[in-house]
Amino acid sequence: MAGLLALSRTIDRMNEFIGKSVSWLILLAILVSAANAVIRKVFDTSSNAWLELQWYLFGAAFMLAAAYTLKQNEHIRIDIVYGLFSRRAQHWIDLFGHVFFLMPFVTLMVFYFVPYVSLSFHSGEMSTNAGGLIVWPAKAILLVGFFLLALQGISEIIKKIAIMRGVIEDPNPFISVHEQAELEAKALAEEVRS
């Protein structure tokens, strides 16, 4: 189990670094958008390449941070139902979801995206919009995003098994929305008193 946990920590560190790094792409996309708007209004000219660059940047931020979001246990779920179960049952639900839903999906996506990206790259596929960008980098971002998500899925499965066996502590204990609000209120009250 120690070797698997070491692999899990390596995957976690890599996806955390990537996830935090790509957050800067949002700022870059905003700057591109603002510059494009100013150029369009002031000089009455623009290019579809600028618009597509914004899409690429937002898409890259979303896809490349998906694995980090999973690591942080921040993907959407129905907490009202999930919160009704014991923490052990929640671990079983998470493990079942990772093994039978997440992993088959991301494996299939990686499997189908490899030839999709390869064909786009080798054909030199361009945007159908006049003045648009080459397309394969956007498709490659999808492939890399799903690959990173698959790696993080493996890490999460390893951690869930280790948690359920009592080998490690739960890094993301579940706190309901109501409990979270109470904790934030208490922290705010302490801060005000200080």
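The lining of the largest pocket in this predicted model divides by class into 13 nonpolar, five polar and seven charged residues. That lining comprises 25 residues, and those nearest the pocket's centre are Leu70, His75, Arg77, Asp94 and His98. The volume of the largest pocket is about 560 Å³. Two or more lining residues come from each of helix 4 (79-82), helix 5 (87-123) and helix 6. Helix 5 contributes the most to the lining, giving eight residues.

Helix 6 also takes part in a contact with helix 3. Two packed helices are described by the angle between their axes and the distance between the axes. For helix 3 (residues 48-71) and helix 6 (residues 136-164), the axes come within 7 Å and cross at roughly 5 degrees. Angles under 35 degrees count as roughly parallel, and helix 3 and helix 6 are therefore roughly parallel to each other. The contact of helix 3 with helix 6 holds 15 nonpolar residues, along with four polar and three charged ones.

These helices belong to a protein whose secondary structure consists of seven helices and zero strands. Along the sequence, the pattern reads α-α-α-α-α-α-α. The globule rule gives 16 Å for 194 residues, but the radius of gyration of the protein is 21 Å, well over that value, so the protein is more spread out than a compact globule. Taken along the principal axes, the box filled by the C-alpha atoms is roughly 60 × 50 × 30 Å. Of the 194 residues in the protein, 32% are buried.

Methods:
Residues are numbered from 1 along each chain as its sequence is written. This is a predicted model: local features need pLDDT of at least 70, side-chain atom pairs count only at pLDDT 80 or more; totals for chains, interfaces and linings use all residues. Side-chain values use heavy atoms; hydrogens and water are left out. Axes are lines fitted to C-alpha atoms, for helices over the stretch in contact, and angles run from 0 to 180 degrees between N-to-C directions. Helices (H or I, at least four residues) and strands (E, at least two) are DSSP runs, numbered from the N terminus. Angles under 35 degrees count as roughly parallel, over 145 as roughly antiparallel, 65 to 115 as roughly perpendicular and the rest as oblique. Ala, Val, Leu, Ile, Met, Phe, Trp, Tyr, Cys and Pro count as nonpolar, Asp, Glu, Lys and Arg as charged, and the others, Gly among them, as polar. On a 1 Å grid over the protein atoms alone, a cavity is a set of points where a 1.4 Å probe fits but cannot get out, and a pocket is an open set with protein on both sides within 12 Å along at least five of seven lines; lining residues have an atom within 4 Å of a point. Grid points are joined across faces, edges and corners, and a volume is the space filled by probe spheres set on the points. The radius of gyration is taken over C-alpha atoms; the globule rule is 2.2 Å times the number of residues to the power 0.38. Buried means under 20% relative accessible area, exposed over 50%, partly exposed in between (1.4 Å probe, protein chains only).
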